[in-house]
Amino acid sequence: MKQLSVVSTGKAAAPVDIITISLTIAFEDKDYGEALSRLGQKASDLAASIYPLLGAHCLKTENFGVDTVYENIRDQNGSYKRTFSGYRARESYSLEINFSTSLLGALLEDIAESNATPEIDLTFSVKDAEALRESALKNAMKLGIKRAGLMADALGVDLLSISEISYSTPLNYGETISINETMPLKSGARAVSTIAISPKDAEVKETVTIVWEIE
């Protein structure tokens with residue numbers, strides 16, 4: 001039995017309605033205990049800046065670790081020697097808020113006024129990502145069926161039953177914006193709340209392969 005295979009990609013997009021805020025704090029010191037202690041102080045400062053707006057249980061730890069830091073030091077002979085520099089303690093958090101530029105601005109402003117100095121990543125996405133994916137899959141199927149009909153007509157053959165369907169998901173539910181040394185929060189903190197953030201729509205792509213029996 002002859003077969004006709006059609007590959008099609010469907011897309012679906014929707015305005016973002018949720019912001020995931022990723023925060024990373026760190027402190028480096030030659031003394032292990034001091035690195036942890038100072039990291040703890042930063043964590044307390046960060047929590048104190050966030051709790052008034054979002055409550056006491058919004059900040060969740062995602063990652064914690066202590067790294068040994070080395071640096072290459074050149075000696076008098078011109079050779080480089082790997083030398084112990086200290087310990088770098090770090091902790092990462094994440095929290096979610098509904099999409100609101102005013103709430104985001106107020107939150108970033110409060111963080112800027114603390115002594116936590118975290119690195120910040122903002123990810124804009126949609127709450128119901130599965131519904132967006134399903135829409136993209138339906139669009140891919142509709143497009144595949146349409147193309148198969150056009151190809152069958154051009155070839156002068158008839159489409160019979162579908163023998164196989166497979167799909168993959170090269171997805172993108174949103175976009176991420178980093179706020180770090182290129183956008184320092186401690187410099188002009190009041191300006192943070194006026195940043196015009198207009199994220200693009202969250203988008204999902206579904207690629208479908210449909211195989212028909214033909215005659």
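Q: Buried means under 20% relative accessible area, exposed over 50%, and partly exposed in between (1.4 Å probe, protein chains only). Which residues of helix 2 are buried?

A: Helices (H or I, at least four residues) and strands (E, at least two) are DSSP runs, numbered from the N terminus. The buried residues of helix 2 are Leu104, Gly105, Leu107, Leu108, Glu109, Ile111 and Ala112. The model is a predicted one, in which local features need pLDDT of at least 70 and side-chain atom pairs count only at pLDDT 80 or more, whereas totals for chains, interfaces and linings use all residues. Residues are numbered from 1 along each chain as its sequence is written, and side-chain values use heavy atoms, with hydrogens and water left out.

Q: How does the span of helix 2 read against the expected one?

A: The expected span of a helix is 1.5 Å times one less than its number of residues. Helix 2 covers residues 101–112, 12 residues in total. From first C-alpha to last it reaches 16 Å, close to the 16 Å expected at 1.5 Å a residue.

Q: What pattern does the chain follow along the sequence?

A: The chain has 3 helices and 8 strands, in the order β-β-α-β-β-α-β-α-β-β-β. Of its 215 residues, 34% count as buried.

Q: Which residues have the most contacts inside the largest nonpolar core?

A: A nonpolar core is a set of buried Ala, Val, Leu, Ile, Met, Phe, Trp, Tyr and Cys residues joined through side-chain atoms within 4.5 Å. The largest one here has 33 residues, and Ile21, Leu23, Leu46, Ile50 and Leu59 have the most contacts inside it. Two or more residues come from each of strand 2 (18–29), helix 1 (32–54), strand 4 (80–98), helix 2, strand 5 (119–125), helix 3 (129–155) and strand 8 (202–214). Helix 1 gives the most, with 6 residues. Apart from this core lies another, of 8 residues, among them Leu4, Val6, Val208 and Ile214.

Q: Which residues does leucine 23 touch?

A: Contact means heavy atoms within 4.5 Å. Leaving aside residues up to four places away in sequence, leucine 23 touches Leu46, Ile50, Leu59, Glu91, Ser92, Tyr93, Leu95, Ile111, Pro118, Glu119 and Ile120. For the chain, residues 24 or more positions apart account for 84% of the contacts with a separation of 6 or more.

Q: How many salt bridges does the count come to?

A: Side chains of opposite charge can pair when their charged atoms come close. A salt bridge is a side-chain nitrogen of Lys or Arg within 4 Å of a carboxyl oxygen of Asp or Glu, and the count comes to 4. One of them joins glutamate 34 and arginine 38 at 3.7 Å, N to O. These two are 4 residues apart in helix 1, and therefore separated by about one helical turn.

Q: Which parts does the pair of arginine 90 and aspartate 67 tie together?

A: The closest N and O atoms of this salt bridge are 2.8 Å apart. Arginine 90 lies in strand 4 and aspartate 67 in strand 3 (residues 60–74), so the pair links parts 23 residues apart in sequence. Both partners are partly exposed, arginine 90 at 23% and aspartate 67 at 30%.

Q: Which residues do salt bridges with shared partners join into one network?

A: Arginine 133 pairs with glutamate 130, with closest N and O atoms 3.9 Å apart. The two are 3 residues apart in helix 3, about one helical turn. Salt bridges that share partners join Glu130, Arg133 and Glu206 into one network.
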